[in-house]
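Work through the following exercises with the sequence and the coordinates open beside you, and try each task before reading its solution.

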Amino acid sequence: MDNKGPGKAALWAGAIIAAVLFVSAGAAPWLAPYDPGAQELTRDISGPTLSHPLGQDNLGRDILSMIIYGARVSVIVGVGTVLLSAVIGFLAGAISGLKGGIWDQVIMRIVDVLLAFPGILLAIALTAVTGPGIGNVIIALSARGWVTYARIVRSQVLVERERGYVEAARSLGAGSGRIISLHLLPNTLTPVVVQATFGLAGAILAEASLSFLGLGPQEMPTWGAMLSDGTSYLRTAPHIAVFPGIAIMATVLAFNFMGDSLRDRLTKSGAK
Amino acid sequence: MRDYLLKRLALTVPVIFGVLVLVFILMHLVPGDPVEVMLGEVAAKSNQEALRAELHLDRPLYVQFYYFLHDLFSGKLESLYYERPVMEQVMGRMFATIELALAALVISLLVSVPLGIVAAIRKGKGTDVAAMGFSMAGVSIPSFWLGPMLILLFSIKLELLPVSGRGTFAHLILPAITLGTGMAAIVSRMIRGSLLDVLGEDYLRTARAKGLAEKTVIIKHALRNALIPSISVVGLQAGALLSGAIITETIFAWPGIGSMLIQAIHSRDFPLVQGTVMVIALSYVLINLVTDMAYAVADPRVRFRKEEAGGQ
């Protein structure tokens, strides 16, 4: 209750930054002042100027334009990973909770094995063998990402299935598919939405980590790869590393704020 | 107690088996021929065949799995880049990673425990807001940005600490802060939360009613119980330091298994990638096992509840 004020402010701040991210990603060709790949090799590495507000990198590319285009990869990987993870996790969690028995045992043991890989270790290992690329990164991050959704949905289903309406639906002849899609899905949505918000922050951070390590998508400029390039020029042109880092931090902070705020609000209303 | 510990130990066996299977499968997820990917298409046919036979890739899958484990642990599986046994190479670098992870653990606990306590005692006040602001920022700051920014400030501008490498205590400071910040943020939040839960309990009201000083109430009575739930978070985070070290070691050219893993990936040394990933995952499983056992020892409710649940 006492954090209602800051919670609302955090939600708004997060929503505004998230909106800027999505608009940048969607309208990059119109918003970016320069082509992000255009090089000016004759120039020295230049810091912020009027014509290049965030400066240029070692190849003379405009950093602001690269950051705007870099938002595309963050959004595609973030949304793609959350959607894929949530769908797999929802199905696995629902089957595990509803069917029980051997299904539950097998799915939960797979969950245990995947949880044995800390942080982004599994994603690093998978992109190491499958190679970089947006699709591969999304799959690599979802390979462990679905586990959290599966656990949330399973525990929700275990509570919900004891309630009368599931029993009633079953006695009326409804199959598992119908019970999951029509009855359990709406009732497990709230915690899944909250987790998806944190998941976006996690996926964007993980993609940036992979890109920093040279394992991320190579098709477009990415914030992580920009930052990695910038670390070689910390002494002479620190701005190359500073600005992409701020973009990553602001984005992650925004979704974490929104997740915290949504959790407080939705849990409260859910409890009523 | 013995039953609980044995049961917990037994649960770890299928997880370890699953980790080994997943690490083994990695090589088979390579699009195309893994031997060609490792050696390059232009490598001589005889070299390709030799490597294929060495890795037993021409045998059925279950036979390959047996030989993978056998060769890995007997020292026959060699790194293509270093040309020495994979496990020897990994263990040779392990100490540097453990040193970094322990330093990060110490720094994060030194920061998070006092921060969490102060935030809980001064709930809603400026100190609490600042402490939780630090916590949120700590979770959101990517280590691969924090590291370079620390280098920029302390190594380049102030010239106080070395930029990279390992050797002296000074070399350890920046990498340890970079690696430990995320953990400090999470643990301080956890300690604040569990201390706030405990502060409302009846036994503390009794302690206060008996006339004990607030300091004694918090340090002797509240903190002891509040810190127990933190054991599992600290354990989980300590394990996660091993994967965090991959990025930190790359930034600071720290010669541990994390930087070696990235090197191995870029040189397509898949046996070394498999060995390193396996050692990190198994260490994490082991740390989680020890954490759960420590938790059961510290909090009798855990083992009794689990023993009861298991007995039904």
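**Exercise 1.** Determine over which residues of chain A pLDDT stays under 50, and how many contacts beyond four places in sequence the model has for them.

*Solution.* In this predicted model, pLDDT stays under 50 over residues 1-5 of chain A, and for this stretch there are 2 contacts beyond four places in sequence. Where pLDDT is low, the predicted coordinates should not be read in detail. For chain A as a whole, the mean pLDDT is 87, with 94% of the residues reaching 70 or more.

**Exercise 2.** Work out how helix α11 (residues 257-266) and helix α12 (residues 270-298) of chain B are oriented to each other.

*Solution.* The two axes come within 9 Å and cross at roughly 150°. Angles over 145 degrees count as roughly antiparallel, and α11(B) and α12(B) are therefore roughly antiparallel to each other. The crossing in which α11(B) passes α12(B) is left-handed. On α11(B) the contact is made by Ile257(B), Met260(B), Leu261(B), Ala264(B) and Ile265(B), and on α12(B) by Leu272(B), Val273(B), Thr276(B), Val279(B) and Ile280(B). Sorted by class, this helix contact has 9 nonpolar residues, 1 polar residue and no charged residues.

How values were computed:
Residues are numbered from 1 along each chain as its sequence is written. Chains are lettered from A and ligands numbered from 1 in the order in which they are written. This is a predicted model: local features need pLDDT of at least 70, side-chain atom pairs count only at pLDDT 80 or more; totals for chains, interfaces and linings use all residues. Axes are lines fitted to C-alpha atoms, for helices over the stretch in contact, and angles run from 0 to 180 degrees between N-to-C directions. Helices (H or I, at least four residues) and strands (E, at least two) are DSSP runs, numbered from the N terminus. Angles under 35 degrees count as roughly parallel, over 145 as roughly antiparallel, 65 to 115 as roughly perpendicular and the rest as oblique. A crossing is left-handed if the near helix is turned anticlockwise from the far one by less than a right angle, and right-handed if clockwise. Two residues are in contact if their C-beta atoms, placed from the backbone, lie within 7 Å. Ala, Val, Leu, Ile, Met, Phe, Trp, Tyr, Cys and Pro count as nonpolar, Asp, Glu, Lys and Arg as charged, and the others, Gly among them, as polar. pLDDT is the predictor's confidence in each residue, from 0 to 100.
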